[in-house]
Amino acid sequence: MSAPAANTPDITLHTLENHHLPTVLELGSRVYDTDAKPYTGWSLTAVATHLDASVSACRVAMAGDRLAGFVLGSMTFEQREDWGYLEWIAVDPAFQGRGVAGRLVQECCAVLTEAGASSVVTDVEVSNTASATLMRRNGFTEGVTVTLFVRPGTGTPAAGGGISLRHFARTGRPRPTHRDGR
């Protein structure tokens, strides 16, 4: 994708609304590597669940009528009702390096903190150094390291000795939401 023209309008943040869904879904589909994050999936459900949340911590960054990026956050992290969760963030490659991601993180965290979050958590895949750097710049510190152990259910190991992450990402069930009893 080509870089935005020099006269691109200022980037403004807005609350995520239903009419943003198509462009948010498209951007997420372009930038997320679901193979690297096999325990969840990018889908309409992933976005729509956030629209139903009691706290609107989801924002879009707009350059005029063009989506520059988005963040999806909620007040549901595991069983901790006092923790906010910054779950998804993406910036269109044409707008990277312009502070969009930092503004989205700051806005999402401010909304969650105002709603009562004692902490805001996020997870970053170990090889995603750009996201790790972004989170550190915005006050996040590493708290827990989790290793995904996989055991084939068929008794026949996949090539390489385990379940193919590519297969798991395609067929794995998305992580349940708080409403689903998580």
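**Close-up 1. Cys-108 and Cys-109 in the predicted model.** In this predicted model, Cys-108 counts as buried because its relative accessibility is 0%. The cysteine sulfur closest to that of Cys-108 belongs to Cys-109 and lies 5.6 Å away, which is too far for a bond. Cys-109 is likewise in no disulfide, and Cys-109 counts as buried at 14% relative accessibility. A disulfide is a covalent bond between the sulfur atoms of two cysteines, and the structure as a whole holds zero of them.

**Close-up 2. The two sides of helix α1.** Helix α1 spans residues 21-31, and within it Leu-21, Val-24, Leu-27 and Gly-28 are buried. These residues lie on the same side of α1, because they cover an arc of only 135° around the axis. On the other side of the helix, Pro-22 and Ser-29 are exposed. The elements against which the buried residues of α1 pack are helix α2 (44-51) and the strands β2 (59-63), β3 and β4 (83-91).

**Close-up 3. Aromatic rings around Tyr-32.** The whole structure contains five aromatic pairs. Phe-70 is buried, with a relative accessible area of 0%. The rings of Tyr-32 and Trp-88 form a tilted pair, because their planes stand at 50°, with the centres 4.7 Å apart. Here the loop residue Tyr-32 is linked with Trp-88 of strand β4, 56 residues apart, and Trp-88 counts as buried at 4% relative accessibility. Ring pairs link Tyr-32, Trp-42, Phe-70 and Trp-88 into a cluster.

**Close-up 4. Salt bridges of Asp-92.** Among the five salt bridges that the structure holds, one joins Asp-92 to Arg-30, with the closest N and O atoms 3.1 Å apart. Asp-92 lies in the loop between β4 and α3 (100-114) and Arg-30 in helix α1, so that this pair links parts of the chain 62 residues apart. Asp-92 is buried at a relative accessible area of 3%, whereas Arg-30 is partly exposed at 37%. Arg-66 also forms a salt bridge with Asp-92, in which the closest N and O atoms are 3.7 Å apart. Because Arg-66 lies in strand β3 and Asp-92 in the loop between β4 and α3, this second pair ties together parts that are 26 residues apart in sequence. Arg-66 is partly exposed, with a relative accessible area of 31%. Through shared partners, salt bridges join Glu-26, Arg-30, Arg-66 and Asp-92 into one network.

**Close-up 5. The salt bridge between Glu-107 and Arg-59.** The side chains of Glu-107 and Arg-59 meet in a salt bridge of 3.2 Å, N to O. Glu-107 lies in helix α3 and Arg-59 in strand β2, so the pair ties together parts that are 48 residues apart in sequence. Of the two partners, Glu-107 is partly exposed with a relative accessible area of 29%, while Arg-59 counts as buried at 10% relative accessibility.

**Close-up 6. Ser-74 and its surroundings.** Ser-74 is placed in strand β3, which covers residues 66-74, and counts as buried at 6% relative accessibility. The side chains of Ser-74 and Thr-76 are joined by a polar contact of 3.0 Å. Apart from neighbours within four places in sequence, Ser-74 is in contact with His-50, Ala-57, Gly-84, Tyr-85 and Leu-112.

Note on methods: Residues are numbered from 1 along each chain as its sequence is written. This is a predicted model: local features need pLDDT of at least 70, side-chain atom pairs count only at pLDDT 80 or more; totals for chains, interfaces and linings use all residues. Side-chain values use heavy atoms; hydrogens and water are left out. Helices (H or I, at least four residues) and strands (E, at least two) are DSSP runs, numbered from the N terminus. Buried means under 20% relative accessible area, exposed over 50%, partly exposed in between (1.4 Å probe, protein chains only). A polar contact is a pair of N or O atoms within 3.5 Å; within protein, one must be able to donate a hydrogen and the other to accept it, and residues adjacent in sequence count only if both atoms are side-chain atoms. Contact means heavy atoms within 4.5 Å. The arc is that of the directions from the helix axis to the C-beta atoms. Rings of Phe, Tyr and Trp (its six-membered ring) pair if their centres lie within 6.5 Å; planes under 30 degrees apart count as stacked, over 60 as edge-to-face and the rest as tilted. A disulfide is a pair of cysteine sulfur atoms within 2.5 Å. A salt bridge is a side-chain nitrogen of Lys or Arg within 4 Å of a carboxyl oxygen of Asp or Glu.
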